[in-house]
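This briefing is intended for a reader who has the sequence and the coordinates at hand. Please consult the structure below alongside the points that come after it.

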Amino acid sequence: MTELRTDRLVLRRWRDSDLEPWAAMNADPDVREHLGDPLTREQSDASVAGFQADFDRRGYGWWAVEVRATGEFIGFAGLDEVEDGLPFTGVEIGWRLARSAWGRGYATEAARAVLAHGFEVLDLPEILAVTTATNVPSQAVMRRIGMTRDTADDFDDPAAPEGPLRPNVLFRIARDG
């Protein structure tokens, strides 16, 4: 599995030592605000097992993100296939960071490394990003990394319950864009 490095971050394979801080993130209602209910420890651990299996199967997925200077695990960033049932297909970029890592530019830095990998190594023609219509901070990261939104692509997530998690926005960036 490829490891990505930026000035301040390492995007790497998951370790057993990541499970506890990952579970704490997934239990944090602020971190989960735009994602749905907090996860149990078992659900959180299962997600990591799935991330590792996806990487092994297709060669890309969700990397664990750590701060280079300290080795501190702060979340994840990576690429995933768009879920079935959505009104579009492709490969989606995403990130999720611990609350303590917010506001430091880490999401943007990690996302830029992931975009470069997707275009330069995986030769993807386009990368998508999806979030709830109310997730203004993630939309700001999408804009900072050069993604654009066409409101005609906005959609209701069929898997989300009625309420603020249902309306979603779609951002795109082309390899040559």
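The model is predicted. Its largest pocket has a volume of about 1,400 Å³. A search of the whole structure finds ten aromatic pairs, and ring pairs join six residues, Trp14, Trp22, Phe51, Trp62, Phe73 and Phe76, into a cluster.

**Largest pocket**

- The volume of the largest pocket is about 1,400 Å³, and of the 45 residues in its lining, His34, Leu35, Trp95, Arg96 and Val130 are the closest to the centre.
- At least two lining residues come from each of the strands β4 (73-81), β5 (91-97) and β6 (126-132), and likewise from each of the helices α3 (106-121) and α4 (136-144).
- Strand β5 makes the greatest contribution to this lining, with six residues.
- By residue class, the lining comprises 23 nonpolar, eleven polar and eleven charged residues.

**Aromatic rings**

- A pair of aromatic rings is characterised by the distance between the centres and the angle between the planes.
- In the whole structure, ten aromatic pairs are found; one of them joins Trp14 and Trp22, whose ring centres are 5.1 Å apart with planes at 75°, so this pair is edge-to-face.
- Trp14 is buried, with a relative accessible area of 6%, and Trp22 is buried with a value of 0%.
- The rings of Trp22 and Phe73 have centres 6.5 Å apart and planes at 85°, and this pair is therefore edge-to-face.
- Because Trp22 belongs to helix α1 (residues 19-27) and Phe73 to strand β4, their pair ties together parts that are 51 residues apart in sequence.
- Both Trp22 and Phe73 are buried.
- The cluster linked by ring pairs includes Trp14, Trp22 and Phe73, together with Phe51, Trp62 and Phe76.
- A charge also sits over a ring: the charged end of Arg58 lies over the ring of Tyr60, 4.6 Å from the centre of that ring.

- With neighbours within four places in sequence left aside, Ile93 is in contact with Trp62, Gly78, Leu79, Ala111, Val114, Leu115, Ile127, Leu128, Ala129, Ile145 and Met147.
- Ile93 and Glu66 are 27 residues apart in sequence, and their C-alpha atoms are 18 Å apart in space.

**His117 in helix α3**

- His117 is part of helix α3 and has a relative accessibility of 5%, so the residue counts as buried under the 20% cut-off.
- Residues up to four places away in sequence not being counted, His117 touches Thr2, Leu4, Trp63 and Leu122.
- Although His117 and Leu4 are 113 residues apart along the chain, their C-alpha atoms are separated by 8.2 Å.

**Backbone at Asp123**

- Most residues other than glycine have a negative phi.
- Asp123, which is not a glycine, has a positive phi of about 55°.
- Asp123 is situated in the loop between α3 and β6.

Notes. Residues numbered from 1 in each chain as written. Predicted model: local features only at pLDDT ≥ 70, side-chain atom pairs only at ≥ 80, totals over all residues. Heavy atoms only, no water. 1 Å grid on protein atoms, 1.4 Å probe; cavity = no way out; pocket = protein on both sides within 12 Å on 5 of 7 lines; lining within 4 Å. Points joined across faces, edges and corners; volume = space filled by probe spheres on them. Helix = DSSP H or I, 4+ residues; strand = E, 2+ residues; numbered from the N terminus. Nonpolar A, V, L, I, M, F, W, Y, C, P; charged D, E, K, R; others polar. Buried < 20%, exposed > 50% of the residue type's maximum accessible area, 1.4 Å probe, protein only. Contact = heavy atoms within 4.5 Å. Phe/Tyr/Trp six-rings, centres within 6.5 Å; stacked < 30°, edge-to-face > 60°. Lys NZ or Arg CZ within 6 Å of the ring centre and 35° of its normal.
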